[in-house]
Protein chains: 2
Amino acid sequence: MNTGELVDLGRQLRVDSVRASAAAGSGHPTSSMSAADLMAVLLANHLRYDFQRPAHPGNDRFVLSKGHASPLLYSAYKAAGAIDDDELLTFRELGSRLEGHPTPQGLPWVETATGSLGQGLPVGVGIAWAGKRLDRADYRVWVLCGDSEMAEGSVWEAAEHAGHEHLDNLTVIVDVNRLGQRGPTRHGHDLDAYARRFRAFDWHTVEIDGHDVDAIDRAYGEALSTKGQPTAVIARTLKGKGVQAVEDREGQHGKPVPDADEAVAELGGPGDVRVEVHEPPSARALHSVGSGQTDLPRFEQGDEVATRNAFGQALAALGTARGDVVALDGEVGDSTRAEFFAKEHPERYFECYIAEQLMVAAAVGMAARGWTPYATTFAAFLTRAHDFIRMASVSGSGINLVGSHAGVAIGQDGPSQMGLEDLAMMRAIHGSTVLYPCDANQTAHLVAAMADLEGIRYLRTSRGESRVIYGPDEEFPVGGSKVLRSSGRDRLTVVAAGVTLHQALAAADALDRQGIPVRVIDLYSVKPVDRATLRQAAEDTGCLLTVEDHREEGGIGDAVLDAFGDGRPVPRLIRLAVRTMPGSASPDEQLHAAGIDAESIAAAARLLVEEAVVA
Amino acid sequence: MNTGELVDLGRQLRVDSVRASAAAGSGHPTSSMSAADLMAVLLANHLRYDFQRPAHPGNDRFVLSKGHASPLLYSAYKAAGAIDDDELLTFRELGSRLEGHPTPQGLPWVETATGSLGQGLPVGVGIAWAGKRLDRADYRVWVLCGDSEMAEGSVWEAAEHAGHEHLDNLTVIVDVNRLGQRGPTRHGHDLDAYARRFRAFDWHTVEIDGHDVDAIDRAYGEALSTKGQPTAVIARTLKGKGVQAVEDREGQHGKPVPDADEAVAELGGPGDVRVEVHEPPSARALHSVGSGQTDLPRFEQGDEVATRNAFGQALAALGTARGDVVALDGEVGDSTRAEFFAKEHPERYFECYIAEQLMVAAAVGMAARGWTPYATTFAAFLTRAHDFIRMASVSGSGINLVGSHAGVAIGQDGPSQMGLEDLAMMRAIHGSTVLYPCDANQTAHLVAAMADLEGIRYLRTSRGESRVIYGPDEEFPVGGSKVLRSSGRDRLTVVAAGVTLHQALAAADALDRQGIPVRVIDLYSVKPVDRATLRQAAEDTGCLLTVEDHREEGGIGDAVLDAFGDGRPVPRLIRLAVRTMPGSASPDEQLHAAGIDAESIAAAARLLVEEAVVA
């Protein structure tokens, strides 16, 4: 498009942003208006995208990091013919796919859900990384950010990665409109404040007037021709541009303009510019070719093997079988054992250094490109990425997360390194799957099974060795459990998983010798939970005792109760969990101090059984 | 100390780091050895600290951000005479206060627990900010970081704040030893890579050889004389410095040196250097003087008031009464209503921009200096700071967190803005208090009450208005609840809090008209939970129905079950919670779609009662 047409398109995007927000009675038109010219030039002259084929492997990828500017995005969709005006005006209505903040759930052109700021660039880095190292296609990734979100550390985590990885297929456009939600941003219209930060992280930068369509056009061209570095286009804009009542004024964030009709008239009235978006170049989806045959590692019953080791071996085997499997790690691959995968499949291994937010975001970006990522760090440090995991769930993203060094059982390193809240965090993620194996063969099977599930899948592994109790051909359906001790005379049921499962077995054997037979359930699938088996155990034994190397809230104890939340009779219950702040100590000392070792289980079981007798 | 003495002290710190780790059989001596000279010069020539009076208001503050280098810290404590050699050798033993990663719980000289990387600098920024704006004392804050942790975005969030706030009382020392846990860091020994990033964030930088004690001494002096900017001392060091078997070698992270005796000999044998640390200048603890009298806002029963508004008014009133109360917000103070505090107490209000990790870390830093911080953002965005909240709990820090815009009830903005996992996250934090008020007077009382609790306290507020149902003089003890509907004939008990409490009351009234009397409990104290009242309700009515604007995992439903986790009979139970992914819709539509409105409650209650009749 030429200058005049671009100006018209920018104006139309503003008009439609104003109209959509007015129809909804809420929304962020002023944040849309500042970026309208930036979007117009991108859509008309630089983006290569087939809206009829959003999965086209050659399509450029656009991420609206400032997700509240959704009216602008939907107005652009309309200009490109992807949606019509009637749909545009359903913005924010019940049932409309044009939500307040964009999500891919109904809109195939959205790469990732945004609305929590500072996440678009990290996900964009993941897509661009995939473009360079996995897809090896020449699509470009364009990320539109607000200036306020530059305060998020995750933006600089992403900048660091993109610069270091020479992601010249990535362009970030920063809409410096000077005003955040509450008032002025830290740097106002000081474009250089942003530019020099990006340059320090080895980016190419261009500073422009974000309402000069020719300057924008040249800047995007410069980004396209810059090799070896990502480019940041830092654009000076005005919030609410073009409507005097709101332009560059405080107090106009996140609300319709005061008089929409007047604003539309001031902007020149409704437009009917239709953009012919450039076609993507031909390309094909490129997955590494796998053997197709998953030869999972096999472990001897009775051997002592850490589940983190079994994870590493299984992931490496899965990578051999499946060309779509990739691994990301936060600079602890020697601990998580992701390094086993790295050794066999270095071309599909992504070192994220100590940057867990970027790691999860990059996994989301790669999943959006059709890859099957496994992202690993200590379970404790996945909490760093909680907001990213939450947003991945809003996206409907299919990613695998693996947290090692779970619980007090890690021993001397102390509480900063212990995953004690991870089950609570992961269970509360919508649509998640939470798995917690107790032995090596079980781990291997679950690592393979999780690859094909929907949504966020989490596997919890342990640092220390544990006895292999299952044969290598045993099956472990997700949503199942294993009854490991059972008789017709069981007085209660002990439910455990991971390290405490072994403690439970020892306790059961001790109790049995004392004439108290107990059932033991291995609850390796914490979510979904095996309701039928738990209900049967409740019916048969009347009491359940849960024991977990995790805080008492949100973990296995609560998971068990999911089986009884529908009004049916609930069994009596005792929960053993980590209720104090651990210090340093050996693994055995830790389990004992926390009251989750075999001795503690047996003592609690005896109490429960005796009380039942008294009652 | 002169050059020779400093060299000897550095050597001794290495020797003691080797000895402590050898005694423990684990630990991070090589990460300690790289920073030993940096620590020696600081301790002997620049730090002003009275180890006998760690609370001295004039003390400088030291934060070991690379917490795994704890052997170095403890060796420095020994050199300063704060602990003896026998205690040094208890490192990592059960019961020793010399944990694998330092925590303030037993060690009064530790400002904040570290061990999750990238957190020391943000907390240090909080302390330095307090020094400038609250304490108005001239203590300095020294933070020792590793190079690996520079990959964490939180470091750059902190750098941004410190530069912008001109915190020239803050010095970060980066121990660039080139090797992370798994292998080489991203930038190796490229000191300028770090220096130019800090400079871009408006810091003064000095690059030095971190084993040249004179250069270190000069660099610290330069930091002290630099005004208007924080200083970063970027030091080239060697991991494992001084012991050939490990020096600058990969694969030597996080383990004792192979032969400790030989290493000690190679380092010149045990030393007995004793450091006379400089005395702090005289200073006094400076809190703003409050009125002493808390005049909480009073709301009329029957009025419609958003709990976030009541929070803002109450916090402003609390700030008037108490000079120790400060507020921090993540650039959404107009939404959280923290702006009400800002208007009345601008000198105690801290704008953190959109940087939730920094916000929570700064709160921890201010709490370490004796202030009582309230940190606020949307409940959803507190997930961004999960790892910081977790570590604050390890520190035993006393901070108040307030999350607004809880649940689907926010309406059109959609799931990215909805706090739906916050109760699960906050309940699983060790020692936390979780409060969720349903009306304005209740909110005001809880805001005041939380200030005096121990540990992490969380208050959840709502966006929309809700009816004031309590009088302004009603009391709301933490750990209590309110029974709002009750009769001798109650067929079941509905347990709710916040927005669903009002839905529960409406449902109860409808059910009552249908001849089904139900009890209604306002569970405003989600943790600790009112066990006695819940148990009584279970005994009286047999069934509990929980309803919450939160995911089904980890929230009110699970909190209720805390009352029955000790083996006693458990009532039958139905939980209503948000089980789908919401889109955009009005608040009422959202509550209905999620099945947590009055109609859904009444329908579920009827089902439960009818089943009970059948059973």
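Select A:S395 first: at 10% relative accessibility it counts as buried, a label given under 20% relative accessible area, with over 50% called exposed and values in between partly exposed (1.4 Å probe, protein chains only). A:S395 lies in helix 16 (residues 386-395) of chain A, where helices (H or I, at least four residues) and strands (E, at least two) are DSSP runs numbered from the N terminus. Now show its surroundings: leaving aside residues up to four places away in sequence, A:S395 touches A:P104, A:Q105, A:T112 and A:A113, contact meaning heavy atoms within 4.5 Å.

This is a predicted model, in which local features need pLDDT of at least 70 and side-chain atom pairs count only at pLDDT 80 or more, whereas totals for chains, interfaces and linings use all residues. Residues are numbered from 1 along each chain as its sequence is written, chains are lettered from A and ligands numbered from 1 in the order in which they are written, and side-chain values use heavy atoms, with hydrogens and water left out.

Next, select the open sheet of chain A, whose seven strands follow the order 8-7-9-10-12-11-17 with mixed pairing; two strands pair if DSSP finds at least two bridges between them. Its edges are strand 8 (349-351) and strand 17 (525-527) of chain A, each pairing on one side only, and the twist averages 20° from one strand to the next. Within the sheet, strand 9 (residues 372-378) and strand 10 (residues 399-404) of chain A run parallel and are joined by five bridges; pick A:T377 to find its bridge partner A:G403 in strand 10 of chain A. Helix 18 (residues 440-450) of chain A packs on this sheet, touching strand 9, strand 10, strand 11 (433-435) and strand 12 (456-460) of chain A, and its direction makes about 170° with that of strand 12 of chain A.

Move on to helix 7 (residues 153-164) and helix 14 (residues 356-368) of chain A, whose axes come within 9 Å and cross at roughly 70°. Helix 7 of chain A and helix 14 of chain A are therefore roughly perpendicular to each other, the term for angles of 65 to 115 degrees, with those under 35 roughly parallel, over 145 roughly antiparallel and the rest oblique. The contact is made by A:S154, A:E157, A:A158 and A:H161 of helix 7 and A:E356, A:Q357 and A:L358 of helix 14 of chain A.

Finally, display both chains: a rotation of 180° with 0.0 Å of shift along its axis superposes chain B on chain A (RMSD 0.0 Å). The two copies are thus related as by a two-fold rotation axis.

How values were computed:
Copies are superposed by least squares on the C-alpha atoms of residues with pLDDT of at least 70 in both. Axes are lines fitted to C-alpha atoms, for helices over the stretch in contact, and angles run from 0 to 180 degrees between N-to-C directions.
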